Amino acid sequence: MEMMNELLEKYFRGETTLVEEAELKKYFASQDVNIEHEIYRALFVVFDQEKNETAKAPLKKVMVSQNRVKQLWIRTFSYSGIAAALILALWIQRPKQNDDYAVIHGRRIDSPEYAQQYAEKKMNDINMILKDGLKPMHRMEVVKQNLQLLNKISETQDKILEIEKTHTINN
Amino acid sequence: MESTQFNNQVLKHSDKLFRLAKSILRNGDAAQDAVQDLIVKLWEKRTVLDDVENMQAFTMRSMRNLCLDTIRQNKDEDELPVELEYVEPNPHQQVERKDLASLIRRLIDDLPELQRTIIRMRDVEEMEISEIAYITTLTENAVSVNLSRARQKIREQILNEQKRVEETVWK
């Protein structure tokens with residue numbers, strides 16, 4: 001009893017350690033609380049009740065949206081990869097100096113204009129897919145960085161056009 | 001920091017963050033929004049989180065700063081004067097505060113923000129004084145002084161309430 005009095009006084013002076021405070025909490029959770037101390041029981045009950053209060057569900061939504069960002073990343077990289085592969089395929093199968101044709105989907109294309117239009121159309125399709133997919137994520141810096149890949153694609157596209165142009169002039 | 005690490009190191013504190021936000025903002029829904037905002041902000045800056053030594057203290061400090069910013073932005077809305085004094089409840093409030101536990105909750109909520117944050121971090125979250133000092137950007141001595149004041153105020157008001165009840169009974 002005397003010891004609890006001292007401990008309580010120490011507690012209200014803000015001088016107790018965490019171990020001593022745990023002792024007080026244990027005391028007030030027991031059935032052996034002295035009548036003189038009963039008035040303080042509710043204080044420790046409140047602390048205990050508040051400790052059990054938890055955040056609600058919306059936090060999960062954050063993580064779901066983060067997963068969506070991750071999926072968008074994967075999609076972005078996938079589309080960028082497809083674009084790069086397409087450009088590479090067109091580059092490898094571009095018409096040679098003395099053999100004026102391109103191959104698209106295994107079909108021989110003799111018209112440089114058609115090949116160019118086909119490449120541009122595919123680039124635009126990819127651009128549209130990426131833009132639509134990333135609309136809700138404009139604020140995400142990471143996604144913005146990814147969009148820079150599109151500039152690289154455009155640069156590559158420009159290079160193809162330049163090569164095509166040189167090729168046409170040479171012919 | 002990957003999403004798994006983020007879940008393990010940051011999201012595991014979400015209940016504590018919620019309780020801290022609720023204590024400062026004194027509103028469960030606003031606290032939920034604040035926690036969600038903080039989680040999104042931390043996720044966006046997750047690359048710097050790898051360098052954080054004490055994630056609990058870091059997130060709690062960030063949570064408090066975010067809540068204080070929210071209060072500053074909505075000054076007219078709900079922040080009570082810093083040195084609010086206890087006012088004798090009217091009959092309606094007396095019915096509302098029929099049990100001591102709800103009275104104590106109200107008494108803690110009526111403390112100045114710093115004192116109610118400190119008493120809850122210590123008595124509910126069971127944090128070390130050094131950790132509370134980091135979160136509140138105070139010295140350890142200042143934390144102890146504020147803790148003592150908060151506990152003394154609650155004690156005084158509990159004793160006043162007891163006296164009032166006894167007087168009512170004997171009338």
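The structure is a predicted model, in which local features need pLDDT of at least 70 and side-chain atom pairs count only at pLDDT 80 or more, while totals for chains, interfaces and linings use all residues. Residues are numbered from 1 along each chain as its sequence is written, chains are lettered from A and ligands numbered from 1 in the order in which they are written, and side-chain values use heavy atoms, with hydrogens and water left out.

Chain A contains six helices and two strands, helices (H or I, at least four residues) and strands (E, at least two) being DSSP runs numbered from the N terminus. The order of its elements from the N terminus is α-α-α-α-β-β-α-α. Of its 171 residues, 35% are buried. Contact means heavy atoms within 4.5 Å; among contacts in chain A with a separation of 6 or more, 50% involve residues 24 or more positions apart. Chain B has ten helices and zero strands, giving the pattern α-α-α-α-α-α-α-α-α-α along the sequence. In chain B, 47% of the 171 residues count as buried, and 66% of the contacts between residues at least 6 apart in sequence join residues at least 24 apart.

Between the chains, helix H3 (residues 38-51) of chain A packs with helix H7 (residues 100-109) of chain B at an angle of about 70°, the axes being 9 Å apart. Axes are lines fitted to C-alpha atoms, for helices over the stretch in contact, and angles run from 0 to 180 degrees between N-to-C directions. Angles under 35 degrees count as roughly parallel, over 145 as roughly antiparallel, 65 to 115 as roughly perpendicular and the rest as oblique. H3(A) and H7(B) are therefore roughly perpendicular to each other. On the H3(A) side, the contact is made by Ile39(A), Ala42(A), Leu43(A), Val46(A), Phe47(A), Gln49(A) and Glu50(A), and on the H7(B) side by Leu100(B), Ala101(B), Ile104(B), Arg105(B) and Ile108(B). This contact has nine nonpolar, one polar and two charged residues, where Ala, Val, Leu, Ile, Met, Phe, Trp, Tyr, Cys and Pro count as nonpolar, Asp, Glu, Lys and Arg as charged, and the others, Gly among them, as polar.

Within chain B, the axes of H7(B) and H8(B) cross at roughly 125° and come within 8 Å, an angle that makes H7(B) oblique to H8(B). Arg105(B), Ile108(B) and Asp109(B) of H7(B) meet Arg116(B), Ile119(B) and Arg120(B) of H8(B) in this contact. The classes here are two nonpolar, no polar and four charged residues.

Glu21(A) lies in helix H2 (residues 18-29) of chain A and, at 3% relative accessibility, counts as buried. Its side chain makes a polar contact with that of Arg122(B) (3.0 Å); such a contact is a pair of N or O atoms within 3.5 Å, and within protein one must be able to donate a hydrogen and the other to accept it, residues adjacent in sequence counting only if both atoms are side-chain atoms. Neighbours within four places in sequence aside, Glu21(A) is in contact with Tyr11(A), Thr16(A), Arg122(B), Asp123(B) and Arg151(B).

Arg26(B), which is not a glycine, has a positive phi of about 55°. Arg26(B) is in the loop between helix H2 (14-25) and helix H3 (28-44) of chain B and is partly exposed at 24%. Glu126(B) also has a positive phi, near 55°. The loop holding Glu126(B) runs between helix H8 (113-123) and helix H9 (129-136) of chain B, and Glu126(B) is partly exposed at 37% relative accessibility.

Terms used:
Buried means under 20% relative accessible area, exposed over 50%, partly exposed in between (1.4 Å probe, protein chains only).
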